[in-house]
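Please look at the sequence and the structure first.

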Amino acid sequence: MGGTGPVEEGWAELLAAVGSAVDPEASARASGALVRAREVKDGATLLRLALACGGCGLSLRQTAA
C-alpha cells in the first residue's frame with residue numbers, strides 16, 4: 001500500500017509524549033493486558049493497536065491489515 005495513514009502520522013512524537021508520563025510496556029504487563037507476547041510484542045504495539053481501533057475508527061480487521 002505505501003504512504004502514511006492516520007496511525008503512522010506522528011506516532012514517534014506521541015509515543016515519546018506518553019513514554020515520558022508512563023511506561024507502556026510496564027503498564028501493559030502490570031494491568032494484565034500483555035501477559036504473553038505473541039503477535040503483539042510489546043506495550044507500545046498494544047497501545048498503537050488500541051489507538052488505531054478506537055481513536056482512528058478502524059475495525060480490528062482494518063487495524064491488523
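At what angle do helix α2 and helix α3 pack, and how far apart are their axes? In this predicted model, local features need pLDDT of at least 70 and side-chain atom pairs count only at pLDDT 80 or more, while totals for chains, interfaces and linings use all residues. Residues are numbered from 1 along each chain as its sequence is written, and side-chain values use heavy atoms, with hydrogens and water left out.

Helix α2 (residues 24-31) and helix α3 (residues 43-55) pack at about 80°, and their axes lie 7 Å apart. That angle makes α2 roughly perpendicular to α3, a term for angles of 65 to 115 degrees. Axes are lines fitted to C-alpha atoms, for helices over the stretch in contact, and angles run from 0 to 180 degrees between N-to-C directions.

| Helix pair | Angle | Axis distance |
|---|---|---|
| α2 and α3 | about 80° | 7 Å |
| α1 and α3 | about 115° | 12 Å |

On the α2 side, Pro24, Glu25 and Ala28 meet Gly43, Ala44 and Leu46 of α3, where contact means heavy atoms within 4.5 Å. By class, this contact of α2 with α3 has four nonpolar, one polar and one charged residues.

Helix α1 covers residues 11-21, and its contact with α3 is made by Trp11, Leu14, Leu15 and Val18 of α1 together with Ala44, Leu47, Arg48 and Leu51 of α3. The residues of that contact divide into seven nonpolar, no polar and one charged.

Overall, the protein has four helices and zero strands, helices being DSSP runs (H or I) of at least four residues and strands (E) of at least two. Buried residues (under 20% relative accessible area, 1.4 Å probe, protein chains only) make up 15% of the 65 residues.

Note on methods: Parallel < 35°, antiparallel > 145°, perpendicular 65-115°, else oblique. Nonpolar A, V, L, I, M, F, W, Y, C, P; charged D, E, K, R; others polar. Buried < 20%, exposed > 50% of the residue type's maximum accessible area, 1.4 Å probe, protein only.
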